[in-house]
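Work through the exercises below with the sequence and the structure in view. Try each task before reading its solution.

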Amino acid sequence: MKQFLLLLRKEQLENIRNYKIYWIPAIFILLGIVEPTTNYFLPQILESSGSLPEGAVFEMPTPTPEQMLAAIMEQFQTIGIAVLILAYMGTIAGERKSGTATLLYVRPLSFKAYFLSKWTTASVISLVSVWLGFLAGYYYTFLFFGEVELIKVFQMVGTYSMWVLVVMAFVLVASAIAPNSGFAAAIALGTYLLIQLIDGLFGSNWTFSPVKIPQYGVEWLTGSANSSLWGAIGIAVLLIIFLFAVGSWAAKKNKAKTKV
């Protein structure tokens with residue numbers, strides 16, 4: 001426990017020094033604001049850009065606030081997740097390649113505490129970013145499109161948070177396995193897109209799939225989530241534990257590849 005707390009402190013300082021605690025939340029807040037703002041001002045933007053023929057009238061249905069929050073989640077699912085992967089792809093692989101990991105590896109080190117400290121720090125920053133982004137998006141959705149019960153927004157974001165924890169565990173496992181940051185990003189992004197594709201094509205009956213957690217989160221906005229939500233969350237927890245074991249093992253196995 002003492003070693004975990006020391007490593008956690010190290011990770012916190014590192015994330016402060018490389019400004020991740022600032023720019024990652026800033027990107028998510030921006031993503032949350034852009035979607036409702038762009039949709040609200042879209043007719044004026046098209047009109048001022050001169051893209052419409054003279055006399056043409058541009059009409060589009062006004063999205064409901066629930067649809068707007070769902071659209072914000074789609075932005076997080078694509079751009080947001082890509083940002084998180086790129087931000088943390090070098091968490092372990094980068095340390096090995098730069099040689100800074102030797103300062104840790106020459107001492108008695110619990111690789112479970114090592115991996116857990118990195119996952120905890122990355123997850124906290126990611127979750128804070130996601131929550132701030134959704135709250136910013138909710139504020140502008142409320143201003144431009146109407147109100148959604150705040151409790152429903154909390155239920156949606158709380159559910160989505162579990163998916164973010166799964167993604168961060170996988171990103172760190174990719175970083176522990178890969179020889180460098182670029183390869184880690186390729187593994188994480190490739191697998192992320194692949195599982196989304198497979199679930200979209202063949203996963204209609206896989207109701208307990210953790211990939212469906214974001215979809216179940218959106219369902220809170222219009223009523224109650226799918227009854228399979230808790231099963232999906234249970235499998236997500238087991239998946240995180242499995243990824244934690246794999247990541248700790250891979251980090252220990254590859255420590256000999258650290259450049260000196």
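**Exercise 1.** Decide whether Ser-98 is buried or exposed.

Solution. Ser-98 has a relative accessibility of 51%. Buried means under 20% relative accessible area, exposed over 50%, and partly exposed in between, with a 1.4 Å probe and protein chains only. Ser-98 therefore counts as exposed.

Before going on, note the basis of the values. This is a predicted model, in which local features need pLDDT of at least 70, side-chain atom pairs count only at pLDDT 80 or more, and totals for chains, interfaces and linings use all residues. Residues are numbered from 1 along each chain as its sequence is written, and side-chain values use heavy atoms, leaving out hydrogens and water.

**Exercise 2.** Place Ser-98 in the chain and relate it to Asn-180.

Solution. Ser-98 lies in helix α4, residues 93-98. Helices (H or I, at least four residues) and strands (E, at least two) are DSSP runs, numbered from the N terminus. Ser-98 and Asn-180 are separated by 82 residues in sequence, while their C-alpha atoms are 9.6 Å apart.

**Exercise 3.** Compare the span of helix α7 with the expected value, then describe its cover.

Solution. Helix α7 runs over residues 150-177, which is 28 residues. The expected span is 1.5 Å times one less than the number of residues. As for cover, 20 of the 28 residues of α7 are buried, so α7 is mostly covered.

**Exercise 4.** State how many helices and strands the protein has.

Solution. There are 10 helices and 0 strands. Of the 260 residues of the protein, 44% count as buried.
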